Amino acid sequence: MQRAGIAHMLRQLFLFLLALATTANEACTAGGQQQALVDVYKAWGGTKWHNSNGWLDNVLECKLKGTQFPAHCCWHGIKCCLSSTCPETEHPDVNRCGCEPGLVWGINL
């Protein structure tokens with residue numbers, strides 16, 4: 001399997017594990033996702049990652065496009081939704097819109 005294929009597969013696995021790490025009793029919230037990311041970071045040896053800038057910093061000032069977001073939205077490789085609506089000229093997968101602001105929609109480690 002080529003390197004790009006492996007990286008894509010790992011990102012998909014990471015998102016799957018993120019979903020599993022959020023407990024069934026807890027709604028899919030920014031706080032729940034942040035805790036799930038912390039759990040995955042610890043389980044996957046995050047201190048040994050090539051770049052883990054900002055990870056575990058839950059008081060990080062995270063402003064994107066002038067709006068305050070949960071700290072995990074500014075952790076290296078984490079992509080959070082910025083807007084619940086997308087203008088016609090924007091694409092959700094590029095502009096990070098079309099879902100609840102502050103929720104994780106992508107990971108690129």
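Visitor: Are tyrosine 41 and tryptophan 55 buried or exposed?

Guide: Tyrosine 41 is buried, and tryptophan 55 is buried too. Please keep in mind that this is a predicted model.

Visitor: What makes tyrosine 41 count as buried?

Guide: Buried means under 20% relative accessible area. Tyrosine 41 has 6% relative accessibility, so tyrosine 41 counts as buried.

Visitor: And why is tryptophan 49 called buried?

Guide: The cut-off is under 20%. Tryptophan 49 has 19% relative accessibility, so tryptophan 49 counts as buried.

Visitor: Let's turn to the rings. How many aromatic pairs are there?

Guide: A search of the whole structure finds four aromatic pairs. In one of them, the rings of tyrosine 41 and tryptophan 49 have their centres 5.0 Å apart and their planes at 80°.

Visitor: Why is the pair of tyrosine 41 and tryptophan 49 called edge-to-face?

Guide: Rings pair if their centres lie within 6.5 Å, and planes over 60 degrees apart count as edge-to-face. The centres here are 5.0 Å apart and the planes stand at 80°, so the pair is edge-to-face.

Visitor: What makes tyrosine 41 and tryptophan 55 a stacked pair?

Guide: For stacked, the planes must be under 30 degrees apart. These two rings have their planes at 15° and their centres 5.5 Å apart, so the pair is stacked. Tyrosine 41 lies in helix H2 and tryptophan 55 in the loop between H2 and S1, so the pair ties together parts that are 14 residues apart in sequence.

Visitor: Which residues do the ring pairs link into a cluster?

Guide: The cluster holds Tyr41, Trp49, Trp55 and Trp75. Among the residues that tryptophan 75 touches, leaving out those up to four places away in sequence, are Gln34, Leu37, Val38 and Trp55.

Visitor: Which residues touch the most other members of the largest nonpolar core?

Guide: They are Leu37, Trp55, Trp75 and Ile78, in a core of 16 residues. H2, S3 and strand S4 (104–107) each give two or more residues to this core. The largest share, three residues, comes from H2.

Visitor: How do you know that the length of helix H2 agrees with its number of residues?

Guide: The expected span is 1.5 Å times one less than the number of residues. For the 14 residues of H2 (residues 30–43) that should be 20 Å, and the end C-alpha atoms are 20 Å apart, which agrees. Just after H2, glycine 45 takes a positive phi of about 65°.

Visitor: How do you know that cysteine 62 and cysteine 74 form a disulfide?

Guide: The two sulfur atoms must lie within 2.5 Å. For cysteine 62 and cysteine 74, the S to S distance is 2.1 Å, so by this definition they are joined by a disulfide. The pair links distant parts of the chain, twelve residues apart: cysteine 62 in the loop between H2 and strand S1 (63–64), and cysteine 74 in the loop between strand S2 (67–68) and strand S3 (78–80).

Visitor: How many disulfides does a search of the whole structure find?

Guide: The search finds two. One of them joins cysteine 73 to cysteine 80, with S to S 2.2 Å, and both of these cysteines are buried.

Notes
Residues numbered from 1 in each chain as written. Predicted model: local features only at pLDDT ≥ 70, side-chain atom pairs only at ≥ 80, totals over all residues. Heavy atoms only, no water. Helix = DSSP H or I, 4+ residues; strand = E, 2+ residues; numbered from the N terminus. Buried < 20%, exposed > 50% of the residue type's maximum accessible area, 1.4 Å probe, protein only. Core = buried A, V, L, I, M, F, W, Y, C linked by side-chain atoms within 4.5 Å. Contact = heavy atoms within 4.5 Å. Phe/Tyr/Trp six-rings, centres within 6.5 Å; stacked < 30°, edge-to-face > 60°.
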